[in-house]
Amino acid sequence: MEMHHMDMDMDHGHHDHGEMDMGGDQCSMNMLFTWSTKNLCIVFSGWRVNGALSLLGSLVVIVLLAAGYEGVRQVTRQYEVAHARRLSAFSAAVVGGSDNRRAVEQRGKITMAALYAVQVFYSFFIMLLFMTYNGFVMLAVAVGAFVGYLAFGENMSATKSVACH
């Protein structure tokens with residue numbers, strides 16, 4: 001049996017694995033923790049840090065985004081409580097109450113599914129922020145979670161496990 005030899009370039013020294021070419025401009029794509037803001041793009045190539053002011057502005061936006069996630073969770077919890085109250089207000093003894101209850105139940109389920117989808121999308125976006133592996137961005141996410149918990153964390157356990165969704 002004859003083996004064919006394929007010529008494969010195994011020299012990885014000539015490849016630039018740390019950065020992506022973005023039409024002449026470079027965005028740093030770190031896979032290791034760093035504090036460097038050189039060529040830092042945050043999630044999108046257009047969200048670029050060009051200096052101290054753009055870094056500060058980006059960090060404030062990230063804090064607000066992370067805090068906003070807690071706001072979405074609070075809105076979802078409030079909707080779930082209100083929906084449960086609406087359902088408990090229906091009585092099977094009321095004529096037509098059963099049909100109305102099913103309609104309210106179905107609308108509530110669709111709304112809760114939409115709110116859940118927003119939470120999942122939002123949480124994965126925050127995960128992408130964290131995965132810049134930039135220490136400043138990571139700290140901004142944590143500060144945003146802190147601020148969000150202070151602003152929206154009423155009746156919520158601080159020990160809730162953190163996950164992408």
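View 1. Asn 39 is partly exposed, with a relative accessible area of 25%. The model shown here is predicted. Asn 39 sits in the loop between β2 and α1. Its phi is positive, about 60 degrees, although Asn 39 is not a glycine. Most residues other than glycine have a negative phi.

**View 2. Val 43, another residue with a positive phi.** Phi of Val 43 is near 65 degrees, and Val 43 is not a glycine either. This residue, too, belongs to the loop between β2 and α1. Is Val 43 buried or partly exposed? Val 43 counts as partly exposed, because its relative accessibility is 31% and the buried class ends under 20%.

**View 3. The whole chain, for orientation.** The chain has three helices and two strands. Read from the N terminus, the order is β-β-α-α-α. Of its 165 residues, 28% are buried. The chain exposes about 11600 Å², and carbon and sulfur atoms supply 66% of that area. Now take the contacts with a separation of 6 or more: residues 24 or more positions apart account for 60% of them.

**View 4. Val 49, buried in a loop.** Val 49 is found in the loop between β2 (25-28) and α1 (52-89). Its relative accessible area is 7%, so Val 49 is buried. What does Val 49 touch, not counting residues up to four places away in sequence? The partners are Thr 37, Leu 40, Ile 42, Ser 54, Leu 55 and Ser 58. Take Thr 37: Val 49 and Thr 37 are twelve residues apart in sequence. In space, their C-alpha atoms are 6.9 Å apart.

**View 5. The largest nonpolar core.** In soluble globular proteins, nonpolar side chains tend to be buried together. Here the largest nonpolar core has 17 residues. Ile 42, Trp 47, Ile 62, Leu 129 and Val 137 touch the most other members. Helix α1 gives the most, with six residues.

**View 6. Val 137 and its contacts.** Val 137 is one of the core residues that touch the most other members. Leave out residues up to four places away in sequence, and Val 137 touches Leu 40, Ile 42, Leu 59, Ile 62, Leu 129 and Thr 132.

View 7. Phe 33, Trp 35, Phe 136 and Leu 139 make a nonpolar surface patch. The patch covers about 410 Å². Phe 33 lies in the loop between β2 and α1. Trp 35 counts as partly exposed, at 44% relative accessibility. Phe 33, Trp 35 and Phe 136 also form one aromatic cluster.

**View 8. Aromatic pairs.** How many aromatic pairs does a search of the whole structure find? The search finds four. One of them is Phe 33 with Trp 35: the ring centres are 5.4 Å apart and the planes stand at 90 degrees, so the pair is edge-to-face. Tyr 69 and Tyr 122 form an aromatic pair that is edge-to-face as well, at 5.6 Å centre to centre and 75 degrees between the planes. Tyr 69 lies in helix α1 and Tyr 122 in helix α2, so this pair ties together parts that are 53 residues apart in sequence. Tyr 69 counts as buried, at 13% relative accessibility. Tyr 122 is buried too, with a relative accessible area of 16%.

**View 9. A salt bridge within helix α1.** A search of the whole structure finds one salt bridge. It joins the side chains of Glu 70 and Arg 73, at 2.9 Å, N to O. Both residues lie in helix α1. They are three residues apart, about one turn of the helix. Are Glu 70 and Arg 73 buried or exposed? Glu 70 is buried, and Arg 73 is buried as well.

**View 10. The surroundings of Glu 70.** Glu 70 has a relative accessible area of 10%, so Glu 70 is buried. Apart from neighbours within four places in sequence, Glu 70 is in contact with Arg 77, Ala 145, Gly 148, Tyr 149, Phe 152 and Met 156.

Key
Residues numbered from 1 in each chain as written. Predicted model: local features only at pLDDT ≥ 70, side-chain atom pairs only at ≥ 80, totals over all residues. Heavy atoms only, no water. Helix = DSSP H or I, 4+ residues; strand = E, 2+ residues; numbered from the N terminus. Buried < 20%, exposed > 50% of the residue type's maximum accessible area, 1.4 Å probe, protein only. Contact = heavy atoms within 4.5 Å. Patch = residues over 30% accessible without salt bridge, like charges linked within 9 Å, V, L, I, M, F, W, Y side chains within 5 Å. Areas by Shrake-Rupley, 256 points an atom, 1.4 Å probe, with all protein chains shown as cover. Salt bridge = Lys/Arg side-chain N within 4 Å of Asp/Glu carboxyl O. Core = buried A, V, L, I, M, F, W, Y, C linked by side-chain atoms within 4.5 Å. Phe/Tyr/Trp six-rings, centres within 6.5 Å; stacked < 30°, edge-to-face > 60°.
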